[in-house]
Amino acid sequence: MTKWVYTFGDGAAEGDAGMRNLLGGKGANLAEMSRVGVPVPPGFTITTEVCTYYYENNHTYPADLKEQVMSALHDIEEKMGRKFGDENDPLLFSVRSGARVSMPGMMDTVLNLGLNDKTVLGLAKRSGNEKFAYDSYRRFI
């Protein structure tokens with residue numbers, strides 16, 4: 001089975017700085033920072049090989065990719081003590097694209113993935129700041 005997803009955070013990482021071709025620049029650096037003790041929030045990187053697979057296989061994803069992503073997501077939920085999609089205490093993600101080499105301004109970042117009409121209410125309550133919650137949701141949309 002090919003490993004498509006590498007986790008990092010809490011002082012541990014499945015990757016390192018030498019894996020730039022596989023994890024992209026951001027993914028490799030996040031893994032390395034976590035390994036050396038920089039307080040990096042838990043996360044995961046989907047390998048650059050998924051992009052290659054996608055284009056070589058008629059715009060389809062590897063069959064076991066979803067399972068690996070869900071496993072990494074559940075690992076983060078455990079570490080953070082929150083659930084993705086929880087209406088009372090939502091776990092939010094930032095999705096950052098990366099490449100093997102830096103391409104400033106070429107790829108989008110998605111912030112606050114996990115906010116919706118219901119979870120924004122939980123964020124407002126949890127933060128005690130309704131304006132912050134709705135501004136975060138506005139930026140996501």
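This is a predicted model: local features need pLDDT of at least 70, side-chain atom pairs count only at pLDDT 80 or more; totals for chains, interfaces and linings use all residues.

Me: With which residue does the side chain of Lys 3 meet in a salt bridge?

Reply: A salt bridge requires a side-chain nitrogen of Lys or Arg within 4 Å of a carboxyl oxygen of Asp or Glu. Lys 3 meets Glu 14 in this way, at 3.3 Å from N to O. The two belong to distant parts of the chain: Lys 3 to the segment before β1, and Glu 14 to the loop between β2 and α1. Glu 14 is partly exposed, at 39% relative accessibility.

Me: How many salt bridges does the count come to?

Reply: The count is 7. Among them is the pair Asp 89 and Arg 126, whose closest N and O atoms are 2.9 Å apart. Asp 89 lies in the loop between α3 and β4, whereas Arg 126 is in helix α4, 37 residues apart. Both residues also belong to a salt-bridge network with Arg 82.

Me: Why are Asp 135 and Arg 139 separated by about one helical turn?

Reply: The reason is that they stand 4 residues apart in helix α5.

Me: Is Thr 119 buried or exposed?

Reply: Thr 119 is buried, because its relative accessibility is 0%. This residue is in helix α4, and its contacts include Gly 85, Asp 86 and Pro 90.

Technical notes. Residues are numbered from 1 along each chain as its sequence is written. Side-chain values use heavy atoms; hydrogens and water are left out. Buried means under 20% relative accessible area, exposed over 50%, partly exposed in between (1.4 Å probe, protein chains only). Contact means heavy atoms within 4.5 Å. Lists of a residue's contacts leave out its neighbours within four places in sequence.
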